[in-house]
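User: I would like to learn how to read a fold from its coordinates. Can we take it feature by feature?

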Amino acid sequence: HILDKTNYVDYGVNLGETYEYYVTAVYEGQNGGESSGSNKVKTTLGLTNAYFWDFEDGTQGWTIKNTTLGWMWGLEVDLYGNSTEYLGIDSDAYGYGSNVFDYAISPIMNLTDYTSVQLAFDYGYRNLTSDFLKVLYKLSPSDNWIELENLSKSTSYIKKTIDLPSELLTENFQIAFYHNDNNTWAWYTGIDNVTIIAAEAQNDLMSPSNLTFEISNDNAILS
């Protein structure tokens, strides 16, 4: 990239990958040319599981109704691909006339120490017609829930990953899985292995070396 200013932004860097950067000076005119490279800066977006819930021993701090009209822990529903414990909803058990709905609400998370964050989880969602399963978030306990993603149907457990925008990386971040069957005779839903995958930039900075200066006609040449 040729720059006409003193800063550069590399858009689209990926979690877990290493990037190395250096600059050269390009001069125009009779004695123009390109200098040798500067010192190099290397950075790796290191990954860590900042938060993780597998629900093997209970709700692990999540808030749910834990009744047959909402999310329940230890419930087995007709979804393929998961033989462990999870949070589930069985709307099929109620038929018509009962509105099965609930929010599975996470504990509060502090994400301010991280530069990039992903939300990952396993889910199954056997839908019918007007029912839905959504991922919501809020930035403080007093805020209203905001939709992050409306999840698609799946009769077996699948893994889902969502990149969280930087403006969500606050000290009171929460997510919720909101299911509502809208009074239809719907089916089954399950959530498991909810993970916050976070990245911290780790820099390996090399000191400048072998910088030279030369005057040629009206040019000052750094190399």
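Analyst: We will go through the sheet, the cores, the surface, the salt bridges and the backbone. Keep in mind that this is a predicted model.

User: Start with the sheet. In what order do the strands of the open sheet stand, and how do they pair?

Analyst: The general idea comes first. Strands of a sheet pair through backbone hydrogen bonds, either parallel or antiparallel. Here, 4 strands make an open sheet in the order β7-β12-β9-β10, with antiparallel pairing. β7 and β10 (146–150) are at the edges with a single partner strand each, so one side of each has no neighbour in the sheet. From one strand to the next, the twist averages 25°.

User: How many bridges join β7 to β12, and how many join β9 to β12?

Analyst: β7 and β12 are joined by 5 bridges. β9 and β12 are joined by 7 bridges. Both pairs run antiparallel.

User: Is β12 mostly covered or open?

Analyst: Covered. Of its 7 residues, 7 are buried. Now read the two faces. Gln174, Ala176, Tyr178 and Asn180 lie on one side, and Ile175, Phe177 and His179 lie on the other; all are buried. Both faces of β12 are therefore covered, given that buried means under 20% relative accessible area.

User: Next, the nonpolar core. Which residues have the most contacts inside the largest one?

Analyst: Look for buried nonpolar residues joined through their side chains. The largest such core here has 37 residues. Trp71, Leu111, Phe121, Ile175, Phe177 and Val194 have the most contacts inside it.

User: Which strands supply at least two residues of this core?

Analyst: They are β6 (87–90), β7 (101–105), β8 (116–126), β9 (132–138), β11 (154–164), β12 (174–180) and β13 (188–205). There is also a second, separate core of 7 residues. Among its members are Met72, Leu79, Tyr86 and Tyr157.

User: On to charges. How many salt bridges does a search of the whole structure find?

Analyst: The search finds 4. Begin with aspartate 78 and arginine 126, whose side chains meet at 3.4 Å, N to O. Aspartate 78 is in the loop between β5 (72–73) and β6, and arginine 126 is in strand β8, so the pair ties together parts 48 residues apart in sequence. Aspartate 78 is partly exposed at 38% relative accessibility. Arginine 126 is partly exposed too, at 26%.

User: What does glutamate 147 form a salt bridge with?

Analyst: Its partner is lysine 134, with the closest N and O atoms 3.3 Å apart. Glutamate 147 is in strand β10 and lysine 134 in strand β9, 13 residues apart. Glutamate 147 is partly exposed, with a relative accessible area of 42%.

User: Where do lysine 160 and glutamate 149 lie, and what does the pair tie together?

Analyst: Their side chains meet in a salt bridge at 2.6 Å, N to O. Lysine 160 belongs to strand β11 and glutamate 149 to strand β10, so the pair ties together parts 11 residues apart in sequence. Lysine 160 is partly exposed at 22%, and glutamate 149 at 23%.

User: Where is asparagine 193 placed?

Analyst: In strand β13. Asparagine 193 also has a positive phi, of about 50°, although it is not a glycine. With a relative accessible area of 23%, asparagine 193 is partly exposed.

Conventions:
Residues are numbered from 1 along each chain as its sequence is written. This is a predicted model: local features need pLDDT of at least 70, side-chain atom pairs count only at pLDDT 80 or more; totals for chains, interfaces and linings use all residues. Side-chain values use heavy atoms; hydrogens and water are left out. A nonpolar core is a set of buried Ala, Val, Leu, Ile, Met, Phe, Trp, Tyr and Cys residues joined through side-chain atoms within 4.5 Å. Buried means under 20% relative accessible area, exposed over 50%, partly exposed in between (1.4 Å probe, protein chains only). Two strands pair if DSSP finds at least two bridges between them. Axes are lines fitted to C-alpha atoms, for helices over the stretch in contact, and angles run from 0 to 180 degrees between N-to-C directions.
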